[in-house]
Amino acid sequence: MTFLKENYPIVAFIAVYLITKNLILAAAVWSAGSLVQILTSVLTKQPIKKSHIAYFVLGVLLVVSAYYFDDENFIKWKTSIILWAGSLVILFRQIFSKKYIIQDLLKANQVLKDTAPHSLLAKINWLWILYLTGFGFLNLYVAYTFSTDVWFWFKIIGLFASTMLLFIISIIMLKEHVNLDDPQKNGPDKKDSQE
């Protein structure tokens with residue numbers, strides 16, 4: 001349920017494209033979904049995520065350009081721009097605040113131990129930077145070489161599968177510093193019951 005709550009704009013994008021085969025309309029629906037996310041945050045007095053604002057602004061600019069010039073390639077650039085922006089964010093956070101992408105990805109579940117060396121975290125960061133940058137260029141190659149249908153499936157399946165693969169590789173690299181046990185099982189209650 002959390003996945004749908006956070007990602008319904010892209011789910012709507014996929015549904016609209018599959019039904020209409022109109023990439024510009026599907027992207028407009030995605031942008032509308034991003035606007036709904038922002039308004040929902042405002043109405044519920046939740047913090048507005050910067051990513052939602054970025055997706056909305058970029059989406060509107062590219063949809064307007066695609067509609068005005070009657071060129072759906074503007075929409076295909078969105079994936080590359082977002083990936084390159086993510087790559088820059090990861091790089092700047094590493095340089096200026098010593099924060100690493102894998103820490104962000106594993107923070108909520110308390111999976112990553114504090115024992116992970118910064119040199120290893122930096123290597124994983126560089127893997128993510130190279131991946132995001134490379135996939136951004138690959139996205140454009142597919143966009144301009146193949147049909148919109150091929151690009152669509154490449155974006156949806158290829159991006160998801162390769163991101164999950166990189167995440168698994170990151171976990172394997174951190175295997176000595178990852179806690180795969182349930183944190184609550186290792187809490188104070190378990191310790192007390194063993195004494």
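Mentor: Before we start, contact here means heavy atoms within 4.5 Å. Also, this is a predicted model.
Trainee: Fine. How many helices and strands does the protein have?
Mentor: Eight helices and zero strands. From the N terminus on, the order is α-α-α-α-α-α-α-α.
Trainee: What do helix 3 and helix 4 touch each other with?
Mentor: On the helix 3 side, Tyr55, Leu58, Gly59, Leu62, Val63, Ser65, Ala66 and Phe69 take part. They meet Phe74, Ile75, Trp77, Lys78, Ile81 and Ile82 of helix 4.
Trainee: And at what angle do they pack?
Mentor: About 155°, with the axes 8 Å apart, for helix 3 (residues 50–69) and helix 4 (residues 73–97). Angles over 145 degrees count as roughly antiparallel, so helix 3 is roughly antiparallel to helix 4.
Trainee: Is that crossing left-handed or right-handed?
Mentor: Right-handed.
Trainee: Switching to helix 7. Where does it bend?
Mentor: At Phe154, by about 25°.
Trainee: Which residues of helix 7 are buried?
Mentor: Thr148, Trp151, Phe152, Phe154, Lys155, Ile156, Leu159, Leu166, Ser170 and Ile171. Phe154, where helix 7 bends, is therefore one of the buried residues.
Trainee: What share of the whole protein counts as buried?
Mentor: 35% of the 195 residues.
Trainee: And what share of the contacts is between residues 24 or more positions apart?
Mentor: 66%, taking the contacts with a separation of 6 or more.

Technical notes: Residues are numbered from 1 along each chain as its sequence is written. This is a predicted model: local features need pLDDT of at least 70, side-chain atom pairs count only at pLDDT 80 or more; totals for chains, interfaces and linings use all residues. Side-chain values use heavy atoms; hydrogens and water are left out. The bend at a residue is the angle between axes fitted to the seven residues ending there and the seven starting there. Helices (H or I, at least four residues) and strands (E, at least two) are DSSP runs, numbered from the N terminus. Buried means under 20% relative accessible area, exposed over 50%, partly exposed in between (1.4 Å probe, protein chains only). Axes are lines fitted to C-alpha atoms, for helices over the stretch in contact, and angles run from 0 to 180 degrees between N-to-C directions. Angles under 35 degrees count as roughly parallel, over 145 as roughly antiparallel, 65 to 115 as roughly perpendicular and the rest as oblique. A crossing is left-handed if the near helix is turned anticlockwise from the far one by less than a right angle, and right-handed if clockwise.
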